[in-house]
Each structure stands twice: as C-alpha cells, then as structure tokens.
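User: Can you take me through this model? I'd like the chain contacts and then the aromatic rings.

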Amino acid sequence: MSEAGRAYPPGARLGKMLWRDGERIMGAMPARPEGERARDATTLSGLPLKGFYGPHDVADLDYERDLGDPGVYPFTRGIHPTMYRGRLWTMRQFAGFGTAEETNARFHYLLEHGQTGLSVAFDLPTLLGYDSDHPRARGEVGREGVAVDSLADMERLFEGIPLDRVSTSMTINGPAAILMAMYVVVGEKQGVPPEKLSGTLQNDILKEYIAQKEFIFPPEPSLKLVVDTIEFATRHMPRWNTVSISGYHIREAGSTAVQELAFTLADGLTYVEACLQRGLDIDSFAPRLSFFFNSHLDFFEEIAKFRAARRMWARFMRERYGARNPRSWMLRFHTQTAGCSLTAQQPEVNVVRVTLQALAAVLGGTQSLHTNALDEALSLPTAEAARLALRTQQVIAEESGVASVADPLGGSYFVEALTDEMERRAMEYIERIEAMGGVIAAIRKGFLQREIAEAAYRYQREVADGQRVVVGVNKYVIPSSEEKPVPILRIDPELERKQVERLQQVRRSRDERRVRQALEALGAAARRGDNVMPALIESVRAYATLGEMVDTLKAVYGVYTEEAIL
Amino acid sequence: MNVPVGPASTAPPRPIRVLAAKVGLDGHDRGIKVIARALRDAGMEVIYSGLFRTPEEVAAMAVDEDVDVVAISILSGAHNTLVPDVLDQLRRLGAGDVPVVVGGTIPWEDAEHLRRQGVRQVFGPGTDLSTIVDSIRELARSRTAGA
C-alpha cells in the first residue's frame, strides 16, 4: 500500500485522537481516550473495527472479480441488474396458530393488507411428526403454529387461496417431504398441477441438529429424504424452492454472524454433494436452492454478511462444482429480523430495532422479508402487531427511497472491507468443518453446537457486564410499574380438543384399507431406498395422518436423540 | 475455652445441585445452556436433562439426582399445561418441597398463574443472569435451612 493511497497521512491527528491506517495508535494515547467506548472496537460478532476506513482497506479489491455490477457474477452487489426497481422484495410474514381455520383467517387478513406471499408456521407436534392426539402433543397443539394432522387440515388451511397465484413458504423440516406431498395434493384438489405450484419448503434438516433441534430421524436418512424432495421437485415442480438453507435458527441459537454464514453455506454444500451423489446434474437442481438469513442488530455487519454470502456461493457453484447456468450461481435469500434481539421490556422499542434490521436486509439485497412484531418476546403476534410489522416494510419500500438504487453501499471502504473480512473468517470455518469430515461429522462431534453455545454465553456475559447495551433491559430501564401491558395473542385451550376431535373424525371417515396399503407401500419404498415421494403422495391422498407416515418411516430409519452435553 | 461449633463450620458445604430441565417439545436450548453455564460458574453442580423431557421424567431426575432446585426452561407456550404437571409429579414422588423455577417466553398473567400453582420464581425474557443465579442460590439455601 503506497503512502499516496492513504486516506490520511500516517499519524494524522483527527480531533483529539491519533490514527494510523484508521486504527487508533495505542500507546501514544491513553488506552481508551475519553469518550470512546469499548464496544466500538468490535462488531456485535467480535470482528475488529477501525475508527474509519479508506482506500488502503480495499486496495486488493478488483471490481470485476470481486463485485461486478448488480446481476453479474459473483453477484456481490445483488442477483438482479435492476434489483428493487424491477420488483420489490416479497413481503412474507410468517404466521400460524391454532387450527387451520384460525390460520386461514390470518392469511386472508395479511393478503388483504398487501402481503404478497404466505409463510406457514406449524405447531411443535407437527414439526416433530406427532398427531394432535399423541400423549406428547398435550398442551402444545396450535401453540407455536398451526396444527396439521392430515390432508383435511391442509385443505382448510388454504381454503380460498389459489395456489397457482400465491406462493407459499412452509417452515417444516423433519417431516418436510410429507408436507410437500400434502401441498401437491391440495393443489390437485384445486385443479393446480405441481408444475404451477410456487413456494418454498424449508426442508433444511442439518440446521435442526445444529441449532433448532426439531429433528426426527438420524442425519443420514434425513439427508436422503431431502434429496428425495429435491429430485421430485426438480422433475415435477420447476417453480418450487426445494430447500431454504437456513442460518436464521443458527443465529437465534446464539451464533455470531460469521458462524451463521459459515455453517449455513457448509450445510448448503452438503446438500449439493448429496444431490450429485444421487446422480443429479448440478444445473438441474442448484437454481432452486434458496437461503434464509437472520438480520440482527449490527447494521453494517449484517449487510456485509449478505453480500459475502452471495459472492461465496457463486464461487462455490461455478468454481468448485462447475455449474454453468447463471441461476445456479445466484444465492437467493429470505430474511427474518432477529427474534432474539426483541425485548419484553418497553416492547414498543422493538419496532425501532425491527426497522433497522429490515433496512439492513434490504440494503443487503434480500428477495423476501419477514419483519417481527413488537410483542414476539412474549407470545405469537396479535393481528395488529403483525400489521404494524408489515407496515414497517411498506414504509421502507415505498417511502424511504432506499429501493431505488441497487446496492447503494457498494464501494464503501468500510462495507467492502467488512464483506472481505466476513468471507475470510467464514471460509476458515468451512475449511475446518470439511477437515473434520463434513457437517454431519461435525454435528456428531458436537463441534457446531458447542461453538454456538460458546458464542451465546459470551454474548450474555457481555450483556450482564454492561459491555453490550440492550436498551430498556440493562440501560434506560423503567420501573416495571411503568411498563404498559401489551395485548397478547391468546390460544384458546379449547382448540386442542377441537383439533383432536377433527383428527378422530378423519380417521373414522376414511377408507382404512386404502390407508393401510398406502402406508405399507411407503414402508417398502423406504426399505428399498427408493424415492419416497410417490408413496407419500398416495398416503396423503388416502388421508393417512402425519403421525402414521412418520411412524412408518421411523420403523425404517430409526430416531435421533441428542446427547445431553453442556 | 472451648467454643462449641456446629457441623456446618467443619464439613465443607455440599455444592448446590440444580436440575436444568427442558420439558415438552420445544428445542430452544440457547437459554438453558447459558443459565447452566452461569450456575456452574457460580460454583453450583448442574445436571442438564437434555431436550424433550416429559414432566414424569423431569420429576424422576430431580429425585434421582437429589437436586436442591429444578430450573425449567420452556419457550413453546405449553407452560400452563406442562409446568403444573411437573409440580404434580414432584409431589407424587414426595419431593413437593423441591423449589421449581421457570424461565422462558411467559406472559405476565401466566407467570402469576404459575406462581399461584407453586412455582417459586418465573424469569421472563431479559432477566439478568445474576438475578437468576442469586435467586436459585437463595431458594436452595432456604430449603437446606428449613430441612
């Protein structure tokens, strides 16, 4: 780096501080000049920060090689040439609670208020493959999402919603193949063929073992099921996003931004490898892989993460796997603002946090976005809170002007340097994971889980020590007597009974012989190692329940138990 | 002159034992792992239940491990069903005196409800780590003193 390239001559005095290459010269000054705060020295994830950035920080940057125009490889600046001028991001609010009727009503409400895509939250028994009348489901039915036991519930869930016109995202992992089969059959009943269905299946089982912990089968057969869905959708559902490779839950579990980026891309590479082993051509399935990231509190760190993710994935796809279709190179992603950053104290402040996080996602080039509601530290959002969260996106999209120019921060010394640093650190992690034998080996060793728990604890200590400020929690606190009570969405405990009755009604009215045959065929397909999608679709048509299908597969694949290590 | 001393001043006190328990179907283990670490750093012995425990399993572990406090983490919204079940099971096993504390996404009114059922403390989101550690230490001591 030549002296001429420096933004300021070495040792230039700026105000009271002494700087060199943007770094404070310690030793020449008191360790912490008056007015400086320790937390300014790093990002939220612990990346070191200088006081300012200049040309020398991006001296190695080659525009064509490292950035490219928006819409041009390696897509650091975005996947579309026109970005939001061409089309705004999809405003997709995650919703689901109670029975299919309640959730269907919330879907209609959100669509009426300008939401442009649906996103289904399922309850815990559904996520874990238990029917609503299973003893383990007691007290949990419809609490964290909508209860789905059979095709009958899915039919009600999408009543009055034309599946050829509305795209749907389904947050389901362990039983993802079953829910995809149900969606295909609901389409059938509406007269919409699979090739016209558009939407996203989360279907990212690896991050369940790493972070979210809603798993059913062991990792290897689970990965096989993921490949089954990819193979099926590649043939029959060209508009379907087969996997939403998710960093969101990794971050919520307490990881740093670097870990979120690294572990998510490592998961993505694992799915790619598994599909290649199945004999699929990279360009046949890679264009339909999508991603899902968290947008947390540290504004620029998040933007750097999104930009680095695009560049890294594009290079992996093109350079490592030889993909030739530009769509295979593009990392498309959904973003949700950070639920774990919300506070129960002074919850109205959450609207401000969510606004900043949503803005980071938009400046980072997201394809779709969920903004959290202000009451989510305490319960699922009320309809009013969900509407305000949607309005937040609408203000960013239509009032702020930030959607007019693609990648407005591209070329910022700071943002480019941070993007590079994010990539460098994430690559180090990916190399460590690969040296361990890959993601599944790293999960079995507990490496990924421990790295996250370590980061979570470090963060919480920093909050406890006051090194990290959480407004309204460890600073600017008001007495709890002054806290305004926030309206809470109440799930009527009666809904559980209603759901169980419905399930029993379905069991009584279906053709038992057809169900039995379908489940036997499913078990046989699983034992042979065939793609189970056709057998699942047939079981769904026969109104086999989710629990019955999962039990059939458990008998073949076994179940996964996590070792209880701290 | 001999000053009589109680046994407490000669034998080192047993460290406080805490069962950190996840009950129900939610896999959110960030909070419980952070709390478990904080309790350990404060010199307590922590037994972690692992995920997806039933109320019966939690109560049985509390008795088998002879813990001073049961700390339940629940973020699924099923607290009004599952936490009273844990209390019932503890009573059934004759361990109704073991203090139970709960942490998680618990709305205020539900926290009141759980306290009325016999839960000693409910820690909502944003509770300071030291508040939790101190409260558990206090509950363990008052139980030992009362025994």
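User: What do the side chains of Asp110(B) and Arg490(A) meet in?

Analyst: A salt bridge, at 3.0 Å from N to O. Keep in mind that this is a predicted model.

User: How many salt bridges are there between chain B and chain A?

Analyst: The count is five.

User: And how many residue pairs in polar contact?

Analyst: Twelve between chain B and chain A, with both residues at pLDDT 80 or more.

User: Which elements give two or more residues to the side of chain B that touches chain A?

Analyst: Helix 1 (30-41), strand 2 (45-48), helix 3 (79-92) and helix 4 (108-117) of chain B. Helix 1 of chain B gives the most, with eight residues.

User: How many residues are in contact on each side?

Analyst: 39 residues of chain B and 40 residues of chain A.

User: What area do the two chains bury between them?

Analyst: About 3300 Å². Carbon and sulfur atoms account for 56% of it.

User: Which residues in chain B lose the most area to chain A?

Analyst: Leu25(B), Arg30(B) and Arg37(B). Together they make up 24% of what that side buries.

User: Switching to rings. How many aromatic pairs over all chains?

Analyst: The structure holds 21. One of them is Tyr73(A) with Phe75(A), edge-to-face, 6.3 Å centre to centre and 80 degrees between the planes.

User: Are those two buried or exposed?

Analyst: Tyr73(A) and Phe75(A) are both buried. Tyr73(A) counts as buried because its relative accessibility is 16%, and the cut-off is under 20%.

User: What about the pair of Tyr73(A) and Trp329(A): what are its distance and angle?

Analyst: Their centres are 5.3 Å apart, with 70 degrees between the planes, so the pair is edge-to-face. Trp329(A) is buried too, at a relative accessible area of 11%.

User: Where in the chain do these two partners sit?

Analyst: In distant parts, 256 residues apart. Tyr73(A) is in the loop between helix 1 (63-67) and strand 4 (90-91) of chain A. Trp329(A) is in helix 12 (residues 326-329) of chain A.

User: Which residue lies over the face of Tyr73(A)?

Analyst: Arg318(A), at 4.3 Å from the ring centre. Arg318(A) also lies over the face of Trp329(A), at 4.5 Å from that ring centre.

User: Last one. Which residues do ring pairs link into a cluster?

Analyst: Phe291(A), Phe293(A), Phe306(A), Trp313(A) and Phe333(A).

How values were computed. Residues are numbered from 1 along each chain as its sequence is written. Chains are lettered from A and ligands numbered from 1 in the order in which they are written. Side-chain values use heavy atoms; hydrogens and water are left out. Rings of Phe, Tyr and Trp (its six-membered ring) pair if their centres lie within 6.5 Å; planes under 30 degrees apart count as stacked, over 60 as edge-to-face and the rest as tilted. Buried means under 20% relative accessible area, exposed over 50%, partly exposed in between (1.4 Å probe, protein chains only). Helices (H or I, at least four residues) and strands (E, at least two) are DSSP runs, numbered from the N terminus. A charge sits over a ring if NZ of Lys or CZ of Arg is within 6 Å of the ring centre and within 35 degrees of the ring normal. Contact means heavy atoms within 4.5 Å. Buried area is the accessible area (1.4 Å probe) that two parts lose on being put together, summed over both. A salt bridge is a side-chain nitrogen of Lys or Arg within 4 Å of a carboxyl oxygen of Asp or Glu. A polar contact is a pair of N or O atoms within 3.5 Å; within protein, one must be able to donate a hydrogen and the other to accept it, and residues adjacent in sequence count only if both atoms are side-chain atoms.
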